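Here's a walk through one protein model, written for someone who likes to know the cut-offs. Have a look at the fold before reading on.

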Amino acid sequence: MMIAIAAVLAVIDARYTNDVTTEHEVTDVAVSLAQAPSTRAAVLSDNPTAQLQPVTERIRVQTGMDFIVVMAPDRTRFTHTNPERIGQPFSGTIDRALAGETFTETFTGTLGPSIRAVTPVYDGDRIVALVSAGVTRARIGDQVATQLPKIMGVAAAGLVAAALGSFLLSRRLRRQTLGLAPDELRVMYEHHDAVLHSIHEGLVVFGAGEEAEVVNDEARRLLDLPEGVVLRGDLPVSMRRMSWGAVRDEMHVTNDRILLVNQDVVASQGHALGTVMTIRDHTELRSVLGELDSVRGFAESLRAQAHESANRLHTVITMVELGRYREAVEFATAELRLSQSLIDRMMGAVGDPALAALLLGKVDQAAERNVELTISAELDATAPLSAREAVTLVGNLIDNAIDAAAASAGAWVEVTVRQEDSDLFLRIADSGPGMSAEAFARAAERGYTTKDDHQGLGLALVHRVVARHGGTIDARREPESAVTVTIPRRSGKDAS
């Protein structure tokens, strides 16, 4: 259709161009003849026709005109292509020429429709004659007709090129769309868009570049991503450094969430095209699992204490049976006084009951693993931390210290909790080897552990609590392995 329209427009343009060209040609011929001195002399002679007719016919043949008429101001022809018309009045407009103007017009004369120019012949300031030169429409049509084969050839070539281009484009599009038709693509897009907004997992798709090609609503919420274009640099630090390959159930910790991340590589014909990353929120699940681990620890501690209490009870009963009543009472109350003394001292040193209970539980847990746990505490309250945050912070650091120290001879752990310049200060030292600066930095980015059986989140959770309250955390290996945490009383979060 477009080729046909272009061909018609080309024909119209060719005809218009020929009309313009013809107007210029007839004007040039008429003006040249009118300005020739011989023309003026012949017009003023006794027999203008005898002098002008041979000249105008020769010029007409040479210039391709269909007629050249020299006439008197009263329209009487001196010359004409058909000699029988000489002496007859000129048919056409001459008023403008009599007024001194050279003009062109399309007029139907004795030779049929033609484009003609009319111009005056001057003798001084007086118009003594008029010259008209013209080309018939039939000749112009013949000229346009000679151009039609070229126009049709170009149109045919364009049609072939368009058909070939359309075929190649259709082939390429079908290859890129896996043979799907436009309606199928529309349905797939609608389903794709609906799925992206309805699934409860975060989804981020990257191509070969740094800009994400697909980011759904859940991913923006979980990763706190901005609206609009998302770059790889907008992801949390640990996720920016993920390898290009497949990742399975990898834990990443942000300031607010614990995320389970999976990643797969998208490939076509053996070439990697990008990656698809899925993200699930495991914050609540991990919190519950952490509490479950604590309950299990307490249960193990109670089991050990129950076993020890049974041994002591059997001892007391045997002493009673032997009649050693006084020694039995002293043996039975000595351990109770020691335990009660430890509880009273801990509750007096630590104002928060949850933290005090945690520290008491860790004492038993360390004793079971032959680790000497020493606690130095002087703290009225854990503010600005909540009780849950304080348990997370202190509990994870003590657990890591006990794990690190348990493998060494003469294992020990020292815990210091106090207020220092209105800040919350915590220092936990142990007899273990400590962590390198690189390992400690990795622990700040995502779940990290020195154990091989599972991936730990303790240090990452500690870093999250510290970062949330604008605190500082530092690890050293000399002169002893120690982790120091300082939480300001008025953090940025509290101030807001």
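Where does Asn216 lie? Asn216 sits in the loop between strand E6 (212-215) and helix H7 (217-223); helices (H or I, at least four residues) and strands (E, at least two) are DSSP runs, numbered from the N terminus.

## Ground rules

This is a predicted model, so to speak of local features takes pLDDT of at least 70, side-chain atom pairs count only at pLDDT 80 or more, and totals for chains, interfaces and linings use all residues. Residues are numbered from 1 along each chain as its sequence is written, and side-chain values use heavy atoms, with hydrogens and water left out.

## The chain overall

The protein chain has 15 helices and 14 strands. Of its 496 residues, 36% count as buried, where buried means under 20% relative accessible area, exposed means over 50%, and partly exposed is in between (1.4 Å probe, protein chains only).

The accessible surface of the protein chain is about 28,000 Å², and 56% of that belongs to carbon and sulfur atoms; the areas come from the Shrake-Rupley method with a 1.4 Å probe, and for residues only the protein chains shown count as cover. Take the contacts (heavy atoms within 4.5 Å) between residues at least 6 apart in sequence: 52% of them join residues at least 24 apart.

Asp224 is exposed at 55% relative accessibility and has a positive phi of about 55° although it is not a glycine. Val230, in contrast, is buried at 1%. Leaving out residues up to four places away in sequence, Val230 touches Glu210, Glu211, Ala212, Val215, Arg220 and Leu225.

## The nonpolar cores

A nonpolar core is a set of buried Ala, Val, Leu, Ile, Met, Phe, Trp, Tyr and Cys residues joined through side-chain atoms within 4.5 Å. The largest one has 36 residues, of which Leu393, Leu397, Val413, Val415, Leu426, Ile428 and Val485 touch the most other members. Elements giving two or more residues to this core include H11, helix H12 (387-406) and strand E12 (423-430), and the largest share, 8 residues, comes from H12.

Ile428 has a list of its own: with residues up to four places away in sequence not counted, its contacts include Val394, Leu397, Ile398, Val413 and Val483. Apart from this core lies another, of 20 residues, among them Ala42, Ala72, Phe78 and Ala133.

## Helix H11

How far apart are the end C-alpha atoms of H11? They are 23 Å apart, which agrees with the 22 Å that its 16 residues (353-368) should span at 1.5 Å a residue; the expected span is 1.5 Å times one less than the number of residues. Buried residues of H11 include Leu355, Leu358, Leu359 and Lys362. Asn370, with a positive phi near 60°, follows H11.
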